[in-house]
Amino acid sequence: MTQKYDITMKNIFSDMADDIMSYFLGLQYTKIDELNIEFERVERRDSDMIFKCTTDKGNVAVHIEFQSENDGKMPYRMLRYSLEIMEKHNLLPYQIVVYIGKDNVKMANSLSYDFGEQNTLNYKYRIINVGNIKYTDVVGTNYYDLYSLLPLMDQSRRKEEGEKYLERCVEAIKDIPLDINKKKDIAFKAEILSGIVYKREVIEKVFSEVVKMFRIEESETYKMIIEKGIEKGIEKGIEKGEKEKSIKIAKKLLEEGMDIDKIAKITELAKEEIKKLIN
């Protein structure tokens with residue numbers, strides 16, 4: 001994931017795993033366990049999601065990575081993940097990259113070479129471009145957690161309709177037949193993800209009414225991300241004395257709409273310094 005969203009992404013997508021596996025992959029499965037492992041040999045980063053599942057082909061590890069930018073080295077990363085999964089858990093990996101970026105997909109989904117019968121590689125994984133998913137294919141289904149992705153879907157329609165498309169997405173979320181607390185979470189996630197493809201002023205305009213209606217600040221996901229995820233990330237940076245990291249974090253919080261006073265309190269940056277970041 002791009003650094004702009006790395007603090008929040010895992011929290012945002014954690015509830016979507018079941019819908020992604022059922023809707024996008026068409027898997028008939030029973031989820032047994034989540035495999036939360038750190039790949040020490042893979043840039044010391046955590047995988048986004050790995051689940052041990054039972055399928056008609058036996059036990060597998062469903063590995064889902066979320067990517068908001070094209071990464072030319074993605075096949076190498078995925079292959080290393082694959083090897084780690086097989087080595088540590090003795091499971092065959094079913095790997096997917098869910099691409100949520102603004103631009104078209106330009107990443108390869110395979111690695112191969114052939115130096116003869118006993119020296120070959122033919123490795124592939126699946127890339128799902130959310131921008132290619134039609135709005136009408138999701139709205140009306142009961143895959144409600146995927147409604148958070150609506151602002152990123154239907155790329156051609158989104159570009160044609162612009163702000164009106166985002167308004168359409170918000171209306172669809174408001175009409176979901178779920179309790180208000182679940183709607184709050186879905187709306188909050190949709191608002192954050194909208195930042196990948198829409199300008200901040202458009203997002204604030206479109207989501208202003210739904211924020212008032214749902215009181216988004218009471219969302220459990222909001223609390224988790226704002227109060228835990230972001231603050232922990234900030235505290236870690238401050239402890240290391242990295243002012244540049246505090247500035248980067250302040251920019252992220254500004255993009256997500258947090259007010260300057262709270263940003264100043266969390267980052268310990270001067271308000272004047274934070275105001276300069278707006279421009």
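Which side chains meet in a salt bridge with an N to O distance of 3.7 Å? The pair consists of Glu 84 and Lys 88, where a salt bridge is a side-chain nitrogen of Lys or Arg within 4 Å of a carboxyl oxygen of Asp or Glu. The model is a predicted one, in which local features need pLDDT of at least 70, side-chain atom pairs count only at pLDDT 80 or more, and totals for chains, interfaces and linings use all residues. Residues are numbered from 1 along each chain as its sequence is written, and side-chain values use heavy atoms, with hydrogens and water left out.

Glu 84 and Lys 88 are four residues apart in helix H3, and are therefore separated by about one helical turn; helices (H or I, at least four residues) and strands (E, at least two) are DSSP runs, numbered from the N terminus. An α-helix has 3.6 residues a turn, so residues three or four places apart point the same way. Glu 84 is buried, at 4% relative accessibility, whereas Lys 88 is partly exposed, at 42%. Here buried means under 20% relative accessible area, exposed over 50%, and partly exposed in between (1.4 Å probe, protein chains only).

Helix H3 also holds Met 86, which is partly exposed with a relative accessible area of 34%. Together with Leu 83 and Leu 92, Met 86 makes a nonpolar surface patch of about 290 Å². Patches are made of residues with over 30% relative accessible area and no salt bridge; like charges are joined within 9 Å, and nonpolar side chains (Val, Leu, Ile, Met, Phe, Trp, Tyr) within 5 Å. Accessible areas come from the Shrake-Rupley method with a 1.4 Å probe, and for residues only the protein chains shown count as cover.

The structure holds 11 salt bridges. One of them joins the side chains of Glu 163 and Lys 205 at 3.0 Å, N to O. Glu 163 belongs to helix H6 and Lys 205 to helix H8 (residues 200–214), so this pair ties together parts that are 42 residues apart in sequence. Glu 163 is partly exposed, at 25% relative accessibility, and Lys 205 is exposed, at 54%. Another salt bridge is formed by the side chains of Asp 261 and Lys 271, at 2.9 Å, N to O. In this case helix H11 (residues 260–267) contributes Asp 261 and helix H12 (residues 271–278) contributes Lys 271, 10 residues apart.

Tyr 165, Leu 166, Cys 169, Val 170, Ala 172 and Ile 173 are buried in H6. The buried residues of H6 fall within an arc of 160 degrees when seen down the axis, so they line one face of the helix; the arc is that of the directions from the helix axis to the C-beta atoms. Cys 169 has a relative accessibility of 1%, and Cys 53, likewise buried, has 0%. Zero disulfides (pairs of cysteine sulfur atoms within 2.5 Å) are found in the whole structure.

Most residues other than glycine have a negative phi, and most peptide bonds are trans. Asn 90, however, has a positive phi of about 55 degrees. This residue, Asn 90, lies in the loop between helix H3 (74–89) and strand E6 (92–99) and is exposed, at 68% relative accessibility. Asp 154 also has a positive phi, near 50 degrees. Asp 154 is placed in the loop between helix H4 (135–138) and helix H5 (155–161) and is buried, with a relative accessible area of 5%.
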